[in-house]
Amino acid sequence: MENTNERNVKVLVADPSALGLFGLAIITLVASSQKLGLTSGVSLVLPWAIFLGASAQLVACINDFKHNNVFGATAFGAYAFFWYAMGFSWMIQNGVFGEKLAASVDTTQLGVAFLGYLIFTLFMTVGALETNKVLFLIFVCIDFLFLGLSLSSFGIATELTHGIAAWSELIIAILSFYGCAGNVLNSHLKRVILPLGKPFGILK
């Protein structure tokens with residue numbers, strides 16, 4: 001006889017949002033410094049892209065799945081793999097995998113990928129309305145980041161759209177540091193030290 005009994009087991013896992021936001025904050029801070037012309041090259045952006053932008057957010061993604069948080073897991077996971085892909089793209093462009101591969105680079109393909117991430121981020125921004133206001137603002141800035149990256153990769157108003165991407169990325173870093181601090185301090189001290197803003201409550 002088939003056993004139809006089901007057992008739900010709750011696994012206690014700490015909220016990984018702070019770690020994910022910290023990873024996002026660090027990589028966008030470092031990457032924006034290059035886009036704004038404060039630093040040059042991507043050689044030393046690469047480690048931060050792979051370890052903070054990608055790996056830290058991937059850890060947050062995996063633990064959000066354990067929280068049954070589809071929105072958080074999808075967001076952190078998608079942006080984690082974005083930074084893995086960007087890291088490898090920069091390595092290809094700089095000849096790490098051979099000059100033949102570097103010579104055949106077509107940067108408009110990056111524009112197509114950025115456009116795909118813009119589409120993804122737009123509907124995730126709708127979902128972010130029901131998280132908190134800081135996270136919603138981060139998603140809005142990510143929308144502008146991918147809009148700027150897409151258009152500049154397609155050669156459309158390059159100087160203007162590159163600037164939009166650069167400043168959006170810096171604002172993402174600032175908001176993510178605040179969001180990280182709020183998640184850590186509010187949880188650790190069991191009181192609101194840094195308000196993150198309640199959900200808008202218009203979709204639920």
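## Cysteines, a helix and a surface patch

Cys 141 counts as buried because its relative accessible area is 13%, in a model that is predicted. Cys 180 is likewise buried, with a relative accessible area of 12%. The sulfur of Cys 141 has its closest cysteine sulfur in Cys 180, at 17 Å, which is too far for a bond. Since a disulfide requires two cysteine sulfur atoms within 2.5 Å, the count by this rule comes to 0 disulfides.

| Residue | Relative accessibility | Class |
|---|---|---|
| Cys 141 | 13% | buried |
| Cys 180 | 12% | buried |
| Ser 17 | 16% | buried |
| Val 112 | 52% | exposed |

Ser 17 belongs to helix H1, and, leaving aside residues up to four places away in sequence, Ser 17 touches Phe 76 and Asn 183. Helix H1 covers residues 17–35, and its 19 residues reach 26 Å from the first C-alpha to the last, close to the 27 Å expected at 1.5 Å a residue. This helix is mostly covered, with 14 of its 19 residues buried. After H1 comes Gly 37, which has a positive phi, near 80°.

Val 112, by contrast, lies in helix H5, which spans residues 108–128, and it counts as exposed because its relative accessibility is 52%. Together with Leu 115, Ile 119, Phe 123, Phe 154 and Ile 156, Val 112 forms a nonpolar patch on the surface, with about 550 Å² of accessible area in total.

Definitions and conventions
Residues are numbered from 1 along each chain as its sequence is written. This is a predicted model: local features need pLDDT of at least 70, side-chain atom pairs count only at pLDDT 80 or more; totals for chains, interfaces and linings use all residues. Side-chain values use heavy atoms; hydrogens and water are left out. Helices (H or I, at least four residues) and strands (E, at least two) are DSSP runs, numbered from the N terminus. The expected span of a helix is 1.5 Å times one less than its number of residues. Buried means under 20% relative accessible area, exposed over 50%, partly exposed in between (1.4 Å probe, protein chains only). Patches are made of residues with over 30% relative accessible area and no salt bridge: like charges are joined within 9 Å, nonpolar side chains (Val, Leu, Ile, Met, Phe, Trp, Tyr) within 5 Å. Accessible areas come from the Shrake-Rupley method with a 1.4 Å probe; for residues, only the protein chains shown count as cover. A salt bridge is a side-chain nitrogen of Lys or Arg within 4 Å of a carboxyl oxygen of Asp or Glu. Contact means heavy atoms within 4.5 Å.
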